[in-house]
Amino acid sequence: MEITIRQANIAPYAADLIIVNLFEGVLHPGGATGAVDHALGGRISEIIALGDCTGKLGETTLLYTSGALPAPRVLVVGLGDRERFDLQAVRTATAKAIAAANKAGAKTVATIVHGAGIGGLDPQDAAQAVAEASMLELYTMPRRSSEGGYGAKIETLTVVEYSSTQLPAITKGVETGRIIAESAILARDLEAQPANIATPTMIAETARQMAAETGLDCTILERADMEALGMGILLAVAKGSDEPPKFVILEHNKARANELDTVVLVGKGVTFDTGGYSLKIARPSLMWKMKDDMTGAADVIAALRAAALLDLPLHVVGLAPLTENTINGRAQKPGDIFTGMTGKTMEVISTDAEGRMILADALAYAGRYADAKAVVDLATLTGAISTALGAQAAGLFTEEEALRDRLMAAAAATGERLWPMPMFAEYAEEIRSDFADVKNSTAPKTKAGVSTSAKFLQHFTEDYPWAHLDIAGMAWSEKARPVYPAGATAFGVRLLVQFLRDW
Ligand code: BES
Ligand code: MN
Ligand code: ZN
């Protein structure tokens with residue numbers, strides 16, 4: 001879908017469908033909706049009086065104009081309670097409206113920017129929300145079928161704004177939103193691809209190609225490079241796979257690293273998680289979903305793309321350790337002991353606690369950026385986080401107050417919710433090992449599995465402010481929600497980009 005911007009009145013705009021809006025409780029709409037109502041001889045007011053169009057958030061009402069306007073269809077979308085109106089309401093309203101427009105079969109759609117007028121929101125932010133929500137709502141996962149793919153019917157979305165003074169801000173907002181949404185879509189595509197296609201090699205090549213297109217610096221470490229660095233814990237996971245592991249390093253503003261603040265993002269990139277010899281149960285058969293166990297890595301690659309295209313004034317480093325967690329005769333076994341990059345040792349209790357293993361060496365590698373102002377990792381790390389928070393928020397683990405505030409603010413601004421989880425020192429006692437510095441799981445005692453995983457990671461962090469986001473409950477949407485169609489969500493991309501933009 002292409003997004004264009006026009007300075008115009010929406011009522012007389014020629015498109016297959018035009019989108020206007022309504023706050024809850026409004027009986028006689030004004031503004032653009034009022035103009036459309038007037039042109040239709042008061043039909044919107046009539047439907048409101050009937051009680052069939054209430055302005056409830058996300059409610060859509062489709063009207064046919066029968067020649068009264070150039071556009072044959074008008075869609076009225078509810079913005080909800082004016083007192084509670086915010087950017088998240090703009091995203092919800094936009095997503096519902098664009099989905100209804102697509103369902104109606106419109107190929108060309110025009111919309112106003114919800115919230116930029118009487119809504120009182122910053123027009124640039126509102127326009128960004130409209131662009132992001134439209135693109136992400138219409139996303140369909142790659143489909144390899146002899147009958148062809150899915151895909152949206154809408155070909156062009158025109159954002160229409162009457163005020164010439166607001167036009168520059170709206171143009172900027174749409175452009176920002178497009179870059180962020182396209183980046184999230186890159187991550188969703190990688191996430192949705194099965195593990196026989198989205199291998200470590202394929203993801204690393206995708207990152208390399210993206211870096212060449214956007215001007216990012218890209219280095220890919222091969223197995224031998226990782227061996228030379230002593231990344232024995234990461235490589236322990238890769239031992240059981242015939243797919244060679246890769247370690248992607250992306251850098252934005254590398255040449256200006258000395259003058260700019262450095263922020264490091266780290267993402268878990270397990271392209272398929274069978275559990276290893278601590279095999280995941282095959283029935284009920286949900287193992288196929290473990291193709292999304294590289295969402296953290298995909299998010300980081302996507303966030304770096306956005307950082308480059310938005311030209312953020314920061315030195316941003318993205319680290320993506322990529323490997324399968326499968327088994328062969330050389331695979332790691334429970335009880336095995338491995339030494340990581342900094343010389344710390346760990347004992348394998350469960351080969352299914354592999355995410356924290358690959359992150360251990362990635363977090364150690366992050367220590368090379370000695371003056372990093374923050375290191376943030378994202379990982380589909382534990383089933384326990386979705387037991388705790390469901391699909392409503394990712395877990396946030398950090399002992400740094402300022403970093404927590406920045407991340408919570410980015411979460412609130414984007415609607416990609418985070419919830420703080422505890423890092424009590426006592427959790428570390430539970431992963432003390434009799435044979436090594438630390439063990440990777442407390443199993444079969446699985447209490448507080450989510451906090452012990454964070455303590456394991458903390459053991460391998462270096463001297464930098466660090467936060468860990470457990471996105472296991474958010475990476476794959478069981479049922480469609482506004483802006484998140486069912487399936488791959490790329491949860492975290494919008495959050496990370498906001499965090500970087502606000503820095
Ligand atoms: N990738 C999984 C976590 C996961 C589970 C994500 C379910 C999404 C849905 C991770 O590698 C894992 O297997 N974690 C184990 C840890 C345990 C062995 C300590 C878990 O959560 O069961
Ligand atoms: Mn696992
Ligand atoms: Zn995993």
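Which residue of strand 6 does Thr108 stand opposite? Thr108 stands opposite Thr156. This briefing describes a predicted model, in which local features need pLDDT of at least 70, side-chain atom pairs count only at pLDDT 80 or more, and totals for chains, interfaces and linings use all residues. Residues are numbered from 1 along each chain as its sequence is written, chains are lettered from A and ligands numbered from 1 in the order in which they are written, and side-chain values use heavy atoms, with hydrogens and water left out.

**The sheet**

- Six strands form an open sheet in the order 1-6-5-2-4-3, with mixed pairing; strands (E, at least two residues) and helices (H or I, at least four) are DSSP runs numbered from the N terminus, and two strands pair if DSSP finds at least two bridges between them.
- Strand 1 (2–7) and strand 3 are the edge strands, each pairing on one side only.
- From one strand to the next, the twist averages 25°; axes are lines fitted to C-alpha atoms, for helices over the stretch in contact, and angles run from 0 to 180 degrees between N-to-C directions.
- Strand 5 (residues 108–111) and strand 6 (residues 156–161) run parallel and are joined by four bridges.

**Strand 2**

- Strand 2 pairs in the parallel sense with strand 5 over three bridges, and Ile19 stands opposite Thr111 in strand 5.
- Strand 2 also runs parallel to strand 4, joined by six bridges, and here Asn21 stands opposite Val77.
- Seven of the seven residues of strand 2 are buried, so the strand is largely enclosed by the rest of the structure; buried means under 20% relative accessible area, exposed over 50%, and partly exposed in between (1.4 Å probe, protein chains only).
- Leu17, Ile19, Asn21 and Phe23 point one way from strand 2, while Ile18, Val20 and Leu22 point the other way.

**Helix 2**

- Helix 2 (residues 43–50) has the buried residues Ile44, Ser45, Ile47 and Ile48.
- Viewed down the axis, these residues fall within an arc of 160°, so they line one face of helix 2; the arc is that of the directions from the helix axis to the C-beta atoms.
- The face turned away from the buried side carries the exposed residues Ala49 and Leu50.
- Among the elements covering the buried residues of helix 2 are helix 1 (31–39) and strand 4 (73–80), where contact means heavy atoms within 4.5 Å.
- Helix 2 lies across strand 2, strand 3 and strand 4, and runs at about 135° to strand 3.

- The manganese ion (ligand 2) is coordinated by Asp273 (OD), Asp352 (O), Asp352 (OD) and Glu354 (OE), at 2.1 to 2.2 Å; donors are N, O and S atoms within 2.8 Å of the metal (3.2 Å for Na, K and Ca), and sites may look incomplete because water is not among the atoms.
- The zinc ion (ligand 3) is coordinated by Lys268 (NZ), Asp273 (OD), Asp293 (OD) and Glu354 (OE), at 2.0 to 2.4 Å.
- Asp273 bridges the manganese ion (ligand 2) and the zinc ion (ligand 3), which lie 3.2 Å apart.
- Lys268 and Asp273 are both buried.
- Glu354 counts as buried at 1% relative accessibility, whereas Asp352 counts as partly exposed at 23%.
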